[in-house]
Amino acid sequence: MTDERNRMDGQNLMNAGSAGADAGCVAKAGNKAGIPEVAGAMVITVESIEEYLLWLKGEERAVSTIEKYNRDLLKLLGWLESRPLTRLLAAEWKESLQAGYAAASVNSILAAVNGFFQWMGWRELGIKPLKIQRKTFCGKNKELTREEYRKLVAAAEKMGDFHLSLLLETLCGMGLRVSEVKFITVAAVRMGRAEITIKGKVRTVLIPSKLARKLLKYAKKKGIESGEIFITRTGSSLSRSQIWREMKRLAVAAGVDPEKVFPHNLRHLFARTYYNTCSDLPKLADILGHSSVETTRIYLISTGEEHEKQLEKLGLVS
């Protein structure tokens with residue numbers, strides 16, 4: 001799950017480190033966080049990490065982004081074991097990451113760490129990301145199929161968990177990030193559109209009429225007259241971890257591989273289905289809230305089985 005989380009977070013974080021490029025200048029006696037430099041080496045402390053996280057918060061970074069940066073920086077801090085950081089140690093740490101993480105996850109971690117280095121004014125310590133050739137297909141065990149999605153929804157309904165089944169249909173039917181569920185309010189559903197503010201950007205997404213009717217019916221049944229529709233029994237917002245756990249539990253009940261069942265895979269299913277229907281990549285990028293269509297392309301990678309069928313259709317082998 002850790003590797004998968006890093007993979008997902010990495011899609012939108014690869015360029016995030018540049019935001020702190022001009023944040024700090026190193027003086028001869030020290031650096032931005034007041035940590036002494038030791039004979040060509042730099043010392044990372046819990047305090048300097050915490051100060052950086054506060055800076056990120058002030059820059060209105062997403063909570064999930066800040067949490068990820070914290071995890072990645074603590075990985076490096078633990079690995080160093082109080083040793084001052086040098087370019088040589090940075091390179092060794094990168095090699096150690098490659099032994100335990102997929103290439104995309106390594107680059108995601110490096111992006112977080114490089115952002116911290118730039119903020120500290122340690123530009124010379126920047127670690128080069130791995131060069132990854134864009135994949136033309138992915139493993140069959142990675143992407144959730146439409147049939148598996150239907151099994152999940154049906155299983156939730158059979159269990160009487162209409163809260164979960166409707167949550168799945170909302171995530172998948174609109175292509176939402178899990179952090180965007182809170183914007184699905186009673187008022188938004190009545191208007192047929194939700195205004196989503198995340199990562200410093202505002203976008204408006206349409207709520208399909210059929211989904212809107214189901215959401216309003218559910219809200220009425222639960223006595224929810226205003227505010228968020230997907231809430232806990234105590235009335236608070238659903239957390240990312242709560243949704244994750246519920247989906248994993250449902251996967252077992254539905255007989256679907258739990259490794260394929262997580263919120264972001266529903267977003268991938270939406271993207272592939274939309275593109276196969278409309279073939280409009282720029283519009284899909286706008287719907288998903290992507291700044292670049294290159295990010296959207298990642299969502300559209302087909303499975304190896306589908307790729308093989310496409311090659312067979314070429315008819316180039318007798």
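Predicted model: local features only at pLDDT ≥ 70, side-chain atom pairs only at ≥ 80, totals over all residues.
Exposed here means over 50% relative accessible area, buried means under 20%, and partly exposed lies in between, with a 1.4 Å probe and protein chains only. Glu60 sits in the loop that runs between helix H2 (46–58) and helix H3 (63–80). Its phi is positive, near 65°, in a residue other than glycine.

Residues are numbered from 1 along each chain as its sequence is written, and side-chain values use heavy atoms, with hydrogens and water left out.

Now to the chain as a whole. Its secondary structure comes to 14 helices and six strands; these are DSSP runs numbered from the N terminus, helices being H or I with at least four residues and strands being E with at least two. The chain has 318 residues, and buried residues make up 45% of them. It exposes about 17400 Å², of which carbon and sulfur atoms supply 53%; the areas come from the Shrake-Rupley method with a 1.4 Å probe, and for residues only the protein chains shown count as cover.

H2 has 13 residues and reaches 19 Å from its first C-alpha to its last, close to the 18 Å expected at 1.5 Å a residue; the expected span is 1.5 Å times one less than the number of residues. Which residues of H2 are buried? They are Ser48, Ile49, Tyr52, Leu53 and Leu56. Seen down the helix axis, these buried residues fall within an arc of 140°, so they line one face of H2. The arc is taken from the directions from the helix axis to the C-beta atoms. The buried residues pack against H3 and helix H5 (103–120). On the face of H2 turned away from the buried side we find the exposed residues Glu47, Leu54, Lys57 and Gly58.

A further positive phi belongs to Glu81, at about 50°, although Glu81 is not a glycine. Glu81 lies in the loop between H3 and helix H4 (87–100), and at 62% relative accessibility it counts as exposed.

I turn next to charged pairs. Side chains of opposite charge can pair when their charged atoms come close. The structure holds nine salt bridges, a salt bridge being a side-chain nitrogen of Lys or Arg within 4 Å of a carboxyl oxygen of Asp or Glu.

One of them joins the side chains of Arg272 and Glu143, at 2.9 Å from N to O. This pair links distant parts of the chain, 129 residues apart: Arg272 is in helix H11 (residues 263–278), and Glu143 is in the loop between strand E3 (137–138) and H6. Are these two residues buried or exposed? Arg272 counts as buried at 13% relative accessibility, and Glu143 is buried at 8%.

Another bridge is formed by Glu169 and Lys214, with the closest N and O atoms 2.7 Å apart. It too links distant parts of the chain, Glu169 in helix H7 and Lys214 in helix H9 (residues 209–222), 45 residues apart. Glu169 counts as buried at 15% relative accessibility, while Lys214, at 33%, counts as partly exposed.

Glu180 forms a salt bridge with Arg177, where the closest N and O atoms are 2.6 Å apart. Glu180 is buried at 0% relative accessibility, and Arg177 is buried at 7%.

Finally, consider Asp161, in the loop between helix H6 (146–158) and helix H7 (162–174). Its side chain makes a polar contact of 3.5 Å with the side chain of Arg249. A polar contact is a pair of N or O atoms within 3.5 Å; within protein, one must be able to donate a hydrogen and the other to accept it, and residues adjacent in sequence count only if both atoms are side-chain atoms. Leaving aside neighbours within four places in sequence, Asp161 is in contact with Ala156, Glu246 and Arg249.

Definitions and conventions. Contact = heavy atoms within 4.5 Å.
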